[in-house]
Amino acid sequence: MEISVPKHIAIIMDGNGRWAAERGLDRVQGHTEGVSAVLRTVDACLKKGVKYLTLYTFSTENWKRSEEEVSALMMLLGEALTKYLPDFMEKGIKLSTVGDVQALPEQVCRKLEHLRETTKDNDQIVFNLALNYGGRDELVRSCRRMMDAGVKSDELTEEVFESYLDSAGMPDPELLIRTSGEMRISNFLLWQISYSEFVCMPEFWPDFGPELLDKALEDFNGRQRRFGGR
Ligand code: IPE
Ligand code: IPE
Ligand code: MG
């Protein structure tokens, strides 16, 4: 059977802390392993011809975690961005972000800006990081932009609304994956996932890679998408 590959896959990368706890390790070590899983996943998506990969990396609610964990996450992010830039250029990976990136530590913010600019002409895959991202926050910020632009109520359509989202110009994800067995959205992409197929897997994020991606794709291929029709 021919496997159809979604153009856009979104992933809620969950379970780094539990992966570490199971091994008697610190949560941060779970996050470090999580970075390796990210790289395996981008490579696997590139090979399959996926055009957009959106990863839930840091939520607007994740600031509630301990200061040590938050700063370790920001450090890991900053380090990874520097380390993997050559890889992005070589493989044609274009970095993009959704979320209130301006509110991240200045150093991370600057690095993101630099990477977005440097990779802007890459065309193999859009590697979209959801950073300081909350679905409700995105909707509120989009409404503010619309109001500031003077959009009149009778001009507002779904298409106009979409063009003010952080994700403007990207197709909606056909497939949404969540690891670690949780079955909730946790404020991710509230607008964009209205008809995404949800695949939930029990494995923790640091164990994710090409095999689990194949499993999710198999599951996705067995779904009958109806979009409200018959
Ligand atoms: C996902 O793993 C990574 C982030 C949210 C940044 P968690 O850190 O949520 O791991 P668990 O859910 O506590 O196991
Ligand atoms: C969702 O995971 C956020 C990210 C993966 C970045 P959380 O671990 O923060 O979600 P909850 O708290 O289990 O809902
Ligand atoms: Mg979690």
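## Lining of the largest pocket

In the lining of the largest pocket, the residues divide into 19 nonpolar, 9 polar and 8 charged. Here Ala, Val, Leu, Ile, Met, Phe, Trp, Tyr, Cys and Pro count as nonpolar, Asp, Glu, Lys and Arg as charged, and the others, Gly among them, as polar. This is a predicted model, in which local features need pLDDT of at least 70 and side-chain atom pairs count only at pLDDT 80 or more, while totals for chains, interfaces and linings use all residues. Side-chain values use heavy atoms, with hydrogens and water left out; residues are numbered from 1 along each chain as its sequence is written, and chains are lettered from A and ligands numbered from 1 in the order in which they are written.

The volume of this pocket is about 790 Å³. Of its 36 lining residues, Met13, Asn16, Tyr56, Thr57 and Phe58 are the closest to the centre. A pocket, on a 1 Å grid over the protein atoms alone, is an open set of points where a 1.4 Å probe fits, with protein on both sides within 12 Å along at least five of seven lines; lining residues have an atom within 4 Å of a point. Grid points are joined across faces, edges and corners, and the volume is the space filled by probe spheres set on the points.

Which elements each supply at least two residues of the lining? They are helix H1 (16-22), helix H2 (27-48), strand E2 (52-59), helix H3 (67-91) and strand E4 (125-133). H3 gives the most, with 8 residues. Helices (H or I, at least four residues) and strands (E, at least two) are DSSP runs numbered from the N terminus.

## Around ligand 1

Ligand 1 has 13 residues around it, and Asp14, Gly17, Arg18, Arg27 and Arg65 come nearest. To be counted, a residue needs a heavy atom within 4 Å of the molecule.

A backbone N or O atom of Arg18 sits 2.7 Å from an oxygen atom of ligand 1, and one of Asn16 sits 3.1 Å from a ligand 1 oxygen atom. From the side chain of Arg27, an N or O atom is 2.9 Å from an oxygen atom of ligand 1.

## Around ligand 2

The residues around ligand 2 include Ile12, Met13, Asp14, Asn62 and Arg65. Tyr56, Thr57 and Phe58 are also among them.

Side chains make polar contacts with oxygen atoms of ligand 2: a polar atom of Ser186 lies 2.6 Å away, one of Arg184 lies 2.8 Å away, and one of Arg178 lies 3.4 Å away.

## Phe208 in its loop

Look next at the loop between strand E6 (197-200) and helix H7 (210-221), where Phe208 is placed. Is Phe208 buried or exposed? Phe208 counts as buried because its relative accessible area is 1%; buried means under 20%, exposed over 50% and partly exposed in between, for a 1.4 Å probe and protein chains only.

Beyond its neighbours within four places in sequence, Phe208 is in contact (heavy atoms within 4.5 Å) with Ile11, Ala37, Arg40, Thr41, Ile177, Thr179, Met201 and Leu213. Thr41 is 167 residues away along the chain, with 7.4 Å between the two C-alpha atoms.

Leu139 counts as partly exposed because its relative accessibility is 23%, whereas Ser142, at 0%, is buried.

Not counting residues up to four places away in sequence, Ser142 touches Tyr164, Leu165 and Asp166. With the neighbours within four places left aside, Leu139 is in contact with Phe161, Leu165, Leu190 and Trp191.

Definitions and conventions:
Polar contact = N/O pair within 3.5 Å; in protein donor to acceptor, adjacent residues only side chain to side chain.
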